[in-house]
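Me: Hey, I've just opened this one and I'm new to it. Can you walk me through it?

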Amino acid sequence: MNLRRIPSAIVLIFTMICVLEHRSWAAEAPPPVKVLVAYHSLSGNTERMAEAVAEGAKSIAGTMVVLKRVGQVTAEDLLSSDAVIVGSPVYWSNMAGEVKTFFDDWQFKFGVFPEFKMRNKVGAAFATGGQVSGGKEITMLTILAAMLGNQMIVVSGGGAFGASATTEGDSPGIDKKELADAKALGQRVADVAKRLAGAPSHSH
């Protein structure tokens, strides 16, 4: 036996073990959780909230965020997402017509029904409105109701029903507290979606 060859053989074996372990770890790494943040905005207030929601979601490791206006969302964006967060300004104490059309498109344009293709995806809402009691809660609840009708798993964050901002009066625009609430909503949705993605499925 050539003893001088033994150290080289040991190094080779150790290198091969490290490569195999790295490949095994890479194969087991879960795919990123995809969060879609869809919104409508004319004044820019809801857009600022949407950007903060997206920032919060991105802060959770292993999360990929798609930020789009509702009219730009495609069927692929929707159906490939693990979570959907929808934001709307308050128009006459309810969601904007563009956001309602977005939800109507789920069925009539994207074909999520009757197979309930959005089932078990995470859903959440945020809203902006000029007045303190102008309808922000109703707006968020109608968004959540549309998600519940699609058998999604809805969550809150940044507030009882989601994140919201009052854009007139003593605090015009979006203040730091409201941006923080929006980020908190994005973080919670991404965190819940990530937990669900790692859970075993018991469906048949």
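Me: Let's begin with helices α2 and α6. At what angle do their axes cross?
Reply: This is a predicted model, by the way. In it, the axes of α2 (residues 45-58) and α6 (residues 176-198) cross at roughly 45 degrees and come within 6 Å.

Me: Which word describes how α2 and α6 sit to each other?
Reply: Oblique. Angles under 35 degrees would count as roughly parallel, and 65 to 115 as roughly perpendicular, so α2 and α6 are oblique to each other.

Me: Is the crossing of α2 and α6 left-handed or right-handed?
Reply: α2 passes α6 in a right-handed crossing.

Me: Which residues meet there, between α2 and α6?
Reply: From α2 you have Arg48, Met49, Ala52, Val53, Glu55, Gly56 and Ala57. They meet Glu178, Leu179, Ala182, Lys183, Leu185, Gly186, Gln187 and Ala190 of α6. Sorted by type, the residues of this contact are eight nonpolar, three polar and four charged.

Me: Okay, zooming out. How many helices and strands are in the chain?
Reply: Six helices and seven strands. Starting at the N terminus, the order is α-β-α-β-α-β-β-α-β-α-β-β-α.

Me: And what share of the residues is buried?
Reply: Of the 204 residues in the chain, 40% are buried.

Me: Changing topic: where is Pro114?
Reply: Pro114 is in the loop between α4 (97-108) and β5 (122-129).

Me: Is the peptide bond from Phe113 to Pro114 cis or trans?
Reply: That bond is cis, and its omega is near 15 degrees. That loop between α4 and β5 also holds Phe116, which is not a glycine but has a positive phi of about 50 degrees.

Me: Where's Gln151, and what is its phi?
Reply: Gln151 lies in the loop between α5 (136-149) and β6 (153-154). Its phi is positive, about 60 degrees, although Gln151 is not a glycine.

Me: Why does Gln151 count as partly exposed?
Reply: Because its relative accessibility is 32%. Buried would mean under 20%, and exposed over 50%.

Me: What does Asn120 touch?
Reply: Asn120 contacts Gln151, along with Met152, Ile153 and Leu196, if you leave aside neighbours within four places in sequence. Asn120 itself is in the loop between α4 and β5. Its C-alpha is 9.1 Å from that of Val154, although the two are 34 residues apart along the chain.

Me: Last one, Val73. Buried or exposed?
Reply: Buried, because the relative accessible area of Val73 is 5%. You'll find Val73 in the loop between β2 (63-69) and α3 (75-79).

Me: So which residues does Val73 touch?
Reply: Not counting residues up to four places away in sequence, Val73 touches Leu36, Ala38, Lys68, Leu78, Phe102 and Phe110. Take Ala38: it is 35 residues from Val73 along the chain, and their C-alpha atoms are separated by 7.4 Å.

Methods: Residues numbered from 1 in each chain as written. Predicted model: local features only at pLDDT ≥ 70, side-chain atom pairs only at ≥ 80, totals over all residues. Heavy atoms only, no water. Axes fitted to C-alpha atoms, helices over the stretch in contact; angles between N-to-C directions. Helix = DSSP H or I, 4+ residues; strand = E, 2+ residues; numbered from the N terminus. Parallel < 35°, antiparallel > 145°, perpendicular 65-115°, else oblique. Left-handed = near helix turned anticlockwise from the far one by under 90°. Contact = heavy atoms within 4.5 Å. Nonpolar A, V, L, I, M, F, W, Y, C, P; charged D, E, K, R; others polar. Buried < 20%, exposed > 50% of the residue type's maximum accessible area, 1.4 Å probe, protein only.
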